[in-house]
Amino acid sequence: KHVQSGHRLDAQRIMLEQSHLLERSYSRNGEYPATFSISSSRTYDFSYQRGEDQADAYVMTATPKATGTSCGKLTLNQQGLKTAEGGTTCWAD
């Protein structure tokens, strides 16, 4: 359980770092990029999707590679809204 928590915290850190890069891009260009690549980690795959017909919205997702993790997929959007399939206690504040 502690190992899973550590991996989840790493995924969250990566997502937050990438969101800062996306915000800088938005500040410079007035929109989020159409595509954005986030390298996978040993324990999570990451994806990015800009809002359909909305250059001012995005959702980043971290999907655990292992099955049976209690929190499941983690998401983060341009408003800083953090969600997890396993509930609100899955994101560290």
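Start with the cartoon of this predicted model. Count one helix and four strands. Follow the chain from the N terminus: the order is α-β-β-β-β. The radius of gyration is 13 Å, close to the 12 Å that the globule rule gives for 93 residues, so the protein is as compact as a globular protein of that length.

Now show the C-alpha atoms alone. Along the principal axes, they fill a box of roughly 40 × 25 × 20 Å.

Of the 93 residues, 31% count as buried.

Next, colour the charges. There are 10 positive and 10 negative ones, and their mean positions lie 9 Å apart.

Hide the surface and go to the largest nonpolar core, which has 18 residues. Which of its members touch the most others? Select Met15, Phe46, Met60, Ala62 and Leu74. Then colour the elements that give two or more residues to this core: helix H1 (2-29), strand S1 (44-50), strand S2 (58-64) and strand S3 (74-77). H1 supplies the largest share, four residues.

Last stop: Leu74. What is it in contact with, beyond its neighbours within four places in sequence? Select Arg8, Ala11, Gln12 and Met15, then Tyr44, Met60, Thr61 and Ala62.

Among contacts between residues at least 6 apart in sequence, 35% join residues at least 24 apart.

Conventions:
Residues are numbered from 1 along each chain as its sequence is written. This is a predicted model: local features need pLDDT of at least 70, side-chain atom pairs count only at pLDDT 80 or more; totals for chains, interfaces and linings use all residues. Side-chain values use heavy atoms; hydrogens and water are left out. A nonpolar core is a set of buried Ala, Val, Leu, Ile, Met, Phe, Trp, Tyr and Cys residues joined through side-chain atoms within 4.5 Å. Buried means under 20% relative accessible area, exposed over 50%, partly exposed in between (1.4 Å probe, protein chains only). Contact means heavy atoms within 4.5 Å. The radius of gyration is taken over C-alpha atoms; the globule rule is 2.2 Å times the number of residues to the power 0.38. Lys and Arg count as positive and Asp and Glu as negative; His and the chain ends are not counted. The place of a charge is taken as NZ of Lys, CZ of Arg, CG of Asp or CD of Glu.
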